[in-house]
Amino acid sequence: MARIRSLLKCIPKSVWLGLLTLFLVTVVFPATAQSDCRGGFSRQSLIAKDNLSTKPALLCNGKVIALNQQSNANSSLLEQGRMLFVNGRFAEAVTVWQQAVKELQRENDRTQLALTLNYLANAYQELGQWQQAKDAIDQSLTLLKFSSQPNILAQALNTQGNILFATGQTEAALSSWQQAEKAYFQTGDETGVIGSKINQAQALQALGLYRRAKLNLEELNTKLQGLPDNALKAMGLRSLGVALQVVGDLTRSQEVLNQSLTISQKLNSNSETSATLLSLANTLRALQKSQEALMNYQKAAEIATNYQAKLEAQLNELSLLVETKKLESAQKLIPEIELQIKKLPPIRESIYAQVNFANTLIKMGHNPQAIAQLLATAIENSRQLQDLRAESFALGKLGNLYQQTQQWQEAQNLTKQALTIAQQLNASDIVARLQSQLGEILTQRGDVNGAISAYTEAVNILKFLRTDLVAINPDIQFSFQESVEPIYRQLVSLLLKSNPDQNKLKQAREVIESLQIAELDNFFREACLDAKPQQIDRLDPQAAVIYPIILPDRLEVILSLPGKPLRQYTTNLSQTEIEKTLSQLLESLNPFFSSEERLRVSQQVYDWLIRPAEAELAANQVKTLVFVQDGLLRNLPMSALYDGKSYLLEKYNIAVAPGLSLVAPRSLTQKKIKVLTGGLTESRQGFAALPGVAIEVNKIAKEVPSKVFLNQEFTEKNLQSEIAKTAFPVVHLATHGQFSSNPEETFILTWNEKVKVKEFENLLRFREQGNATPIELLVLSACQTAAGDKRAALGLAGVAVRSGARSTLATLWSVKDESTAELMTEFYQLLLQGVSKSEALRTAQLKLFKQHQYSHPFYWAPFIIVGNWL
């Protein structure tokens with residue numbers, strides 16, 4: 001430690017100005033090596049930007065688009081500034097272009113002045129100087145109002161959209177990009193049109209207009225398919241593949257990127273092939289196909305046409321090797337990367353490369369002295385470039401290195417200074433991580449109140465950044481579980497320590513609710529949930545809400561009773577011990593396991609979650625328990641908890657909610673019950689036959705007015721058509737399905753396809769387009785959670801919220817057709833009598849429980865109500 005301290009003391013004090021515990025795991029390069037003359041796609045933001053790296057004259061799509069080719073000082077200044085810009089020397093580019101602006105103003109050359117101001121706005125944007133960027137582009141567009149140069153107008157509108165989007169003015173950005181598309185179209189600039197389309201899709205997604213965003217990308221794909229197999233098509237498909245990756249359509253992303261790869265290989269374009277292999281590897285990585293991803297990273301590096309592209313692929317490969325614990329292969333790759341790093345000029349991309357390399361080396365436990373030297377070089381480069389954002393990355397990781405070596409005072413000083421820089425840049429994403437890091441340091445130093453303040457600010461920013469976080473390009477390997485989720489948990493941990501008062505308990509409950517929403521946002525890669533705070537006494541005066549949260553060193557539970565102060569109780573066991581017990585309970589629910597062992601483990605979990613609250617629940621005459629579950633608890637049926645004499649089911653109605661803020665305060669009335677039923681009895685797509693489904697749907701049809709689609713008639717098209725024609729308060733799907741932490745593997749089975757969770761919106765929310773009454777209850781009677789997936793029940797919560805239904809009745813695992821049919825028949829009979837959904841389910845479960853052949857929890861416990869229980 002003394003050696004690292006002595007090395008770091010050699011770095012000038014003026015460098016102690018930044019921090020970010022990086023969201024990045026892999027290096028990010030702007031797309032400057034593409035063959036297009038307009039709209040190279042930045043991997044970091046997925047926003048198409050005008051490529052300033054081209055020469056003054058460039059043949060693009062068969063026409064010359066460029067500056068006026070006059071050999072004068074102004075043209076020379078523009079070219080000089082452009083060369084500085086492409087080399088990441090943004091501050092110097094600003095100085096040169098400011099000089100060019102003055103000269104052009106004197107000459108009254110309005111067209112060239114507008115173009116130069118556009119370039120200047122781009123440079124200001126890179127420096128994080130947003131007001132200057134806005135002023136420059138506004139001046140440019142004013143000059144172009146009566147211009148006959150649609151190519152320059154298109155560039156300026158594109159730049160304006162970038163600035164507006166980056167500063168949170170998404171609707172205005174969308175409008176600018178739509179106008180840019182029209183201008184690019186007028187000039188015949190297909191590349192510009194493609195870039196504008198992708199930008200619009202990102203804006204639409206940020207605005208929550210997911211259908212329009214998807215339609216935009218589909219239209220773009222249709223357009224690209226109509227082009228001949230040329231460089232433009234290869235580049236456009238690659239950009240589309242990356243866009244599809246961002247919106248979470250990973251399977252489609254892989255298909256499109258493979259098509260782009262085939263074309264670029266046919267054209268013998270090594271640069272485009274290498275870039276596509278890299279994007280494809282990132283998609284495969286997101287699909288958890290690690291071996292295929294590694295192979296593509298290696299191929300991308302092998303055929304890269306410049307050392308920057310090669311380094312980017314190698315850094316991605318290194319981080320994945322470390323992530324998959326292939327440390328021997330990672331060690332062999334380090335010398336190659338070190339060689340490439342030394343070749344880098346002092347530009348922003350080299351700083352990011354050095355910082356990301358350092359980040360991975362820290363994870364490997366590499367020599368801290370060598371890492372410090374690497375970061376010192378990055379810091380000096382960023383200062384030479386006057387690039388504050390790059391400096392914050394480099395300084396931040398150096399501050400993190402101090403934190404790793406437990407030099408708390410130095411780490412705290414660095415973090416506070418870095419926070420000032422990030423705030424000056426209005427870089428909220430950086431500020432969130434800075435506050436989190438400050439919270440970690442202050443916790444270690446025993447300053448609990450200071451740590452709570454820092455974490456609270458971090459969580460508030462993360463909530464504000466919901467849309468931006470989920471839309472972060474997977475090329476930068478943003479990790480929710482590594483980078484964001486711990487911030488929420490650490491704040492809850494601090495708030496609940498040492499006899500918290502009501503204010504801290506309320507804040508902790510709000511943070512738990514926010515974490516539930518953040519997890520679902522991350523699951524969908526869309527900020528698609530409209531959260532509205534609810535109070536339990538307004539929803540149901542006879543319900544209690546139980547918030548368990550698993551922390552690294554303990555299990556905390558917050559109990560919320562109508563009209564009563566919040567209460568907290570704690571189990572001091574490690575996360576590993578708690579999760580081991582929860583896994584044992586889940587396994588023991590298989591009928592082949594010992595009943596004695598099952599009851600023992602079930603009672604243990606009951607003692608954690610319910611026993612401390614027994615007296616209060618009884619005193620307040622609570623009838624319904626609503627669990628806002630966390631982690632592995634989501635995979636467990638709370639009804640099967642055992643107190644030593646009876647199951648929880650025998651005492652209470654039970655429901656699950658992904659947070660009260662996502663529960664709609666409405667109940668299903670007897671008059672409204674009308675069911676749209678779909679099911680499969682035959683074997684389809686490799687799934688076993690479900691002969692009992694015919695009995696189930698026929699029994700339901702006898703009890704309730706129903707429309708039934710069975711087997712060949714059970715298609716997505718038929719369901720949509722029927723939902724569009726008639727309001728069905730209840731939709732009952734008796735078919736195979738799976739819930740998984742991966743949305744690509746969360747689906748229900750129809751006759752001819754798997755309907756994935758992201759398509760539920762199209763399937764079941766079809767009537768909402770006409771503002772019709774939404775579905776009150778969705779029943780999924782033959783689904784199961786994915787085996788071996790600890791976070792599988794996230795998929796169930798995802799289905800529940802994505803469907804638009806106010807309540808979902810689903811199964812955590814598949815059970816016998818006969819018992820399911822019996823339970824469902826009883827459930828609907830009770831609904832017709834005006835009984836609440838949770839009470840109807842409990843009564844139906846108890847009826848099974850009292851039958852000897854179905855008394856084991858395996859048969860009745862997997863049925864759960866998610867959402868509104870009334």
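This is a predicted model: local features need pLDDT of at least 70, side-chain atom pairs count only at pLDDT 80 or more; totals for chains, interfaces and linings use all residues.
The chain comprises 870 residues, 60% of which count as buried. Its secondary structure consists of 36 helices and 17 strands. Among contacts in the chain with a separation of 6 or more, 70% are between residues 24 or more positions apart. The accessible surface amounts to about 33500 Å², and carbon and sulfur atoms contribute 48% of that area.

Helix H15 spans residues 327-343, 17 residues in total. From its first C-alpha to its last the helix reaches 25 Å, close to the 24 Å expected at 1.5 Å a residue. A bend of about 30° occurs in H15 at Leu333, and a proline, Pro335, follows within four residues. Leu333 is also one of the buried residues of H15, together with Ala330, Ile334, Ile337, Gln340 and Ile341. In an α-helix, residues three or four places apart point the same way, because there are 3.6 residues a turn. The cover over the buried residues of H15 includes helix H14 (307-323), helix H16 (348-364) and helix H17 (368-385).

The largest nonpolar core contains 118 residues, of which Leu780, Leu809, Phe827 and Tyr828 touch the most other members. Helix H25 (residues 502-524) supplies the largest share of this core, with nine residues. When residues up to four places away in sequence are not counted, Phe827 touches Leu777, Leu809, Lys837, Ala840, Leu841 and Ala844. Another core, of 47 residues, lies apart from the largest one; Leu284, Leu315, Met364 and Leu395 are among its members.

Conventions. Residues are numbered from 1 along each chain as its sequence is written. Side-chain values use heavy atoms; hydrogens and water are left out. Helices (H or I, at least four residues) and strands (E, at least two) are DSSP runs, numbered from the N terminus. Buried means under 20% relative accessible area, exposed over 50%, partly exposed in between (1.4 Å probe, protein chains only). Contact means heavy atoms within 4.5 Å. Accessible areas come from the Shrake-Rupley method with a 1.4 Å probe; for residues, only the protein chains shown count as cover. The expected span of a helix is 1.5 Å times one less than its number of residues. The bend at a residue is the angle between axes fitted to the seven residues ending there and the seven starting there. A nonpolar core is a set of buried Ala, Val, Leu, Ile, Met, Phe, Trp, Tyr and Cys residues joined through side-chain atoms within 4.5 Å.
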